[in-house]
Amino acid sequence: MSGRLPAAAGRPTRRMPMRGVDPSALRRLNTSVTLRALAIESDPVSMSALAEVTGLSRRTIELILDDLVSAGWVVELERVPTSGGAGRPPRRFELRAEHSVLVAVRVTTLAATAVIADARGRILGRAHDALTDYLDPAKSLDLTARLVHDALADAGVPADRLRAGAIAAGGAIDESGVIRRLVHAEPWVGVDLPAELARRVPVAWFADNDANLGALAEQWRGAARDHRDIVWAILGNRTGLGTLIRGAVHRGFRGAAGEIVEAEQLDAQSFADRPIGYLTSPHDEERLLAADVLDRARAGADDAVAEVDAFVQHVAAILTTLSWTIAPSLIVLGGGLEAGADLLLPRLRAALAEARAPDIELRASTIGPDGPLIGALRFVLDRMDTELFGPVLPSASDHQTSSAAPRTPQEQNA
């Protein structure tokens, strides 16, 4: 472990003191940034690495870490001599991720899923159930709230340790979490997802489109770790694009970016009911049909190969347009398309090259069906705030006379 953090999306810039800023508010902000940097890193982090990635001074980081250790949110590990053996080993710190838990939920047309994770995004428990009536948002969200409690039970975690959650859903979802458009599901339009879930499970909630969150997951834990401008594409029976620009989700006007299912000129749904398009279907039997066609294509069956080739031409037309508009450095095929990556990727690369598209890299998802849920967890971590996840720390002026203590959720919400 080098003790050096990679550049993070939305990396904070170095802050200069500003007149009129409440020192306690600034300290809370600095603590939040430090907690987030610790949360998204899977390995112990040195003090110098934290100072670099947060843009804070080493002394500020030292004071914050000392208080977080005292409060039980962070643990300082034993010093490990460097390979050269020269100099004093650096101090290394690690978030005590079990101090609080997060929830991510996903609602599709057929079912809802909830997962409970620690503050580093490691899944501890889950629950899943079919929806009885997707077109009734109240019923669907009631079931989703029940699944949150079922997932807590599966994780063996008490509800009072739950701090915040995010929901992955379909449609154009704006920055505040309101669904602005959702094709074939008008009752959901106008639903404020964070507010509705907070009424049922009283913690802070966030919401975004499932394709956006799929892209976020691939950059965090999947195939796009080495890219910042990416598109996560699901094309076929279900269709949508999730876009990250410089590592941040791009929603566009009222969350409409990527909702190409409604773009008739792109004819994005022309393969919705074709065998290879069923790779992205929510129905098990349709995905099995797609898998059978893939197996036959691998064996050289002419009709199955023709289905694959036709689907590739359809997808290549969309990706060529995408390559000249958004021009990401990487496109990730997800939402089920990864099951046919061995057949689809080489053909798509050849088709894009023939179309003289920019030399954009193509990869398949390495996360799979949990992508939007993993992305939802990262979405919460990116909004980490001491109001949600940490203690109120003493300011530098009273550092010597006051000790921090973890606050209960009740105290945090007071």
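Contact between two residues is taken to mean heavy atoms within 4.5 Å. In this predicted model, local features need a pLDDT of at least 70 and side-chain atom pairs count only at pLDDT 80 or more, whereas totals for chains, interfaces and linings use all residues. Residues are numbered from 1 along each chain as its sequence is written, and side-chain values use heavy atoms, with hydrogens and water left out.

By this criterion, and not counting residues up to four places away in sequence, arginine 363 touches Ala223, Ala224, Asp226, His227, Leu330, Ile331, Val332, Leu333 and Leu345. Arginine 363 lies in strand S15, residues 361-364, where helices (H or I, at least four residues) and strands (E, at least two) are DSSP runs numbered from the N terminus. The side chain of arginine 363 also makes a polar contact, at 2.9 Å, with the side chain of glutamate 361; a polar contact is a pair of N or O atoms within 3.5 Å, of which, within protein, one must be able to donate a hydrogen and the other to accept it, and residues adjacent in sequence count only if both atoms are side-chain atoms.

Strand S15 belongs to an open sheet of five strands, ordered S13-S12-S11-S14-S15 with mixed pairing, two strands being paired if DSSP finds at least two bridges between them. The edges of this sheet are strand S13 (248-249) and S15, each of which pairs on one side only. Within the sheet, strand S11 (residues 230-234) and strand S14 (residues 330-333) run in the parallel sense and are joined over four bridges, with valine 231 standing opposite isoleucine 331 in S14. Helix H6 (residues 210-221) packs on the sheet, where it touches S11, strand S12 (240-245), S13 and S14, and its direction makes about 50° with that of S12. Helix H9 (residues 341-354) likewise packs on the sheet, touching S14 and S15, and the direction of H9 makes about 170° with that of S15. For these angles, axes are lines fitted to C-alpha atoms, for helices over the stretch in contact, and the values run from 0 to 180 degrees between N-to-C directions.

Helix H8 (residues 302-325) has 24 residues and should therefore span 34 Å at 1.5 Å a residue, which agrees with the 35 Å between its end C-alpha atoms; the expected span is 1.5 Å times one less than the number of residues. Just after H8, alanine 327 takes a positive phi of about 50°, and its place is in the loop between H8 and S14. Alanine 327 is partly exposed, with a relative accessible area of 43%, where buried means under 20% relative accessible area, exposed over 50%, and partly exposed in between (1.4 Å probe, protein chains only). Arginine 356, although not a glycine, has a positive phi of about 60°; this residue is placed in the loop between H9 and S15 and counts as exposed, at 70% relative accessibility.

Another loop, between strand S6 (123-130) and helix H4 (137-155), holds leucine 135. Leucine 135 and glutamate 186 are 51 residues apart in sequence, and their C-alpha atoms are 8.0 Å apart in space. Leaving aside neighbours within four places in sequence, leucine 135 is in contact with His184, Ala185, Pro187 and Trp188.

For the protein as a whole, twelve helices and 15 strands are found, and buried residues make up 55% of the 414 residues.
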